[in-house]
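Please look through the following model with its confidence values in mind.

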Amino acid sequence: MRWIPISMLLLSLALPSWAAKRMTVAQFGQALAADTAAHKPDQEVARKISGTELSERLTDTTLGRLNQQFSGGSQASAALLLLADRSAFLDPPASELPATPVPDAATQQGLIRAAQKFAVETLPRLPNLLATRTTFSFDDSPQETTRGGYLQRAGMHLIGSSKLEVSAHSERETSAPSTKAEPSKGQGGLTSWGEF
């Protein structure tokens, strides 16, 4: 009889929480809504989001909808952005794909001819491009989670962002002077070039 409570305790410890398993975007949204409705602390929700692995892409539309539950600088909001980045190479949910049928062979040939015409005639005459490159920097170093407390590892957290106007002139990329300071080269991290 004594082994029953012990085995139940071990089983409850072995069962993963909602954040420790692979789930769809719809399941993740439901779990996140339940935690928000239960008024769980921001740090706990961020920890659960960080441990989540999605089986589908978290698209910009869904990210914006889910992000409305959190304040701008919250840990949960940063964890949600990081989760969306980790799922970027997955297929989007089937519910977010257009419900158009596959074109027939004649339509496919017409599309290929239109693409060839665009590449040969229109593409060389397109104007130079301007874009704003937004870079979010994350770090996993220890941080002070409670005021006056010890430094603890709480996973990846947002440490800053920067914006830079980038343009393409004659197939070469140039960067305009930025209004915000870019992270210094000595700071480390990724370097990006050749987007166009």
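The mean pLDDT of the chain is 78, and 75% of its residues reach 70 or more. Confidence is lowest in helix α1 (residues 3–14), with a mean of 50, and highest in helix α6 (residues 105–122), at 94. Residues 9–19 also have pLDDT below 50, with 11 contacts in the model beyond near neighbours in sequence.

This is a predicted model, in which local features need pLDDT of at least 70 and side-chain atom pairs count only at pLDDT 80 or more, while totals for chains, interfaces and linings use all residues. Residues are numbered from 1 along each chain as its sequence is written, and side-chain values use heavy atoms, leaving out hydrogens and water.

The chain has six helices and seven strands; these are DSSP runs numbered from the N terminus, helices being H or I of at least four residues and strands E of at least two. Along the sequence the pattern is α-β-α-α-β-α-α-α-β-β-β-β-β. Of the 196 residues, 22% are buried, where buried means under 20% relative accessible area, exposed over 50%, and partly exposed in between (1.4 Å probe, protein chains only).

The largest nonpolar core has 18 residues, of which F28, L32, I49, L54, L58, F70 and L80 touch the most other members. Such a core is a set of buried Ala, Val, Leu, Ile, Met, Phe, Trp, Tyr and Cys residues joined through side-chain atoms within 4.5 Å. The largest share of this core, six residues, comes from α5. Nine of the 12 residues of α5 are buried, among them A76, L80 and L83.

The structure holds five salt bridges, each a side-chain nitrogen of Lys or Arg within 4 Å of a carboxyl oxygen of Asp or Glu. One of them joins R22 and E53 at 2.7 Å, N to O. R22 lies in strand β1 and E53 in strand β2, so the pair ties together parts 31 residues apart in sequence. Another pairs D35 with K40 at 3.5 Å, N to O; D35 is buried, at 6% relative accessible area, whereas K40 is partly exposed at 31%. K48 forms a salt bridge with E44, the closest N and O atoms being 3.9 Å apart. These two are four residues apart in helix α3, separated by about one helical turn. Salt bridges with shared partners join D35, K40, E44 and K48 into one network.

Note on methods:
pLDDT = per-residue confidence, 0-100. Contact = heavy atoms within 4.5 Å.
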